[in-house]
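Hello,

Here is the structure I promised to pass on. Please open it first, then read my notes below.

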Amino acid sequence: NSDDAFSCTVKTLKPLKSIILTKKGGVYRDDDLISEMNLDELDEFLKSGHVDGGMKNKLKETRKLVYRGIDVQITSPKNLMTELFSERGCGTYVYALKN
């Protein structure tokens with residue numbers, strides 16, 4: 001599926017920024033946007049049962065990338081330009097823990 005293809009492409013090309021587009025524009029807990037989460041928080045979120053369906057698969061692929069040191073921004077198509085031309089834009093930023 002497209003999430004698997006995205007993950008494989010990012011692993012191969014190793015871009016400066018990886019962005020996943022969703023209609024919702026990020027990851028939500030109930031009705032609240034999660035603006036950022038690290039790998040440990042992502043693992044806890046996946047275990048919590050707050051996510052299912054297509055977003056669950058996106059987050060599993062995101063986890064694989066972040067584990068490999070590739071940060072991921074999850075946002076909406078309307079915010080794509082902001083993502084491309086800013087350090088951190090709209091949506092949910094998922095990153096590895098920095099030492």
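One definition first: the radius of gyration is taken over C-alpha atoms, and the globule rule is 2.2 Å times the number of residues to the power 0.38. With 99 residues, that rule puts a compact globule near 13 Å; the protein chain has 12 Å, so the two agree.

Now the ground rules. This is a predicted model, where local features need pLDDT of at least 70, side-chain atom pairs count only at pLDDT 80 or more, and totals for chains, interfaces and linings use all residues. Residues are numbered from 1 along each chain as its sequence is written, and side-chain values use heavy atoms, with hydrogens and water left out.

**The whole chain**

The C-alpha trace spans about 35 × 30 × 25 Å along its principal axes. The protein chain has 4 helices and 6 strands. Both kinds are DSSP runs, numbered from the N terminus: helices are H or I with at least four residues, strands are E with at least two. Starting at the N terminus, the order is α-β-β-β-β-α-α-β-α-β.

Of the 99 residues, 40% count as buried. Buried means under 20% relative accessible area, exposed means over 50%, and partly exposed lies in between (1.4 Å probe, protein chains only). The protein chain exposes about 6,200 Å², and carbon and sulfur atoms supply 52% of that. These areas come from the Shrake-Rupley method with a 1.4 Å probe; for residues, only the protein chains shown count as cover.

Next, contacts, meaning heavy atoms within 4.5 Å. Take those between residues at least 6 apart in sequence: 62% of them join residues at least 24 apart.

**The strands**

Which strands does E5 pair with? Strand E1 (residues 18-21) runs parallel to E5, joined by 4 bridges. Strand E6 (residues 92-95) runs antiparallel to E5, joined by 3 bridges. Two strands pair if DSSP finds at least two bridges between them.

Look at Ile 74 in E5. Ile 20 stands opposite Ile 74. Thr 92 in E6 also stands opposite Ile 74.

Strand E5 (residues 72-75) is covered on both faces. Val 72 and Ile 74 are buried on one side, Gln 73 and Thr 75 on the other.

Start with Ile 70, in the loop between helix H3 (53-67) and E5. Is Ile 70 buried or exposed? Its relative accessibility is 14%, so Ile 70 counts as buried. Leaving out residues up to four places away in sequence, Ile 70 touches Val 10, Ser 18 and Leu 65. Ile 70 and Phe 6 are 64 residues apart in sequence and 13 Å apart in space, C-alpha to C-alpha.

Then find Gly 54, in helix H3. Gly 54 has a relative accessible area of 43%, so it is partly exposed. C-alpha to C-alpha, Gly 54 and Thr 22 are 9.6 Å apart in space, and 32 residues apart in sequence.

Best wishes
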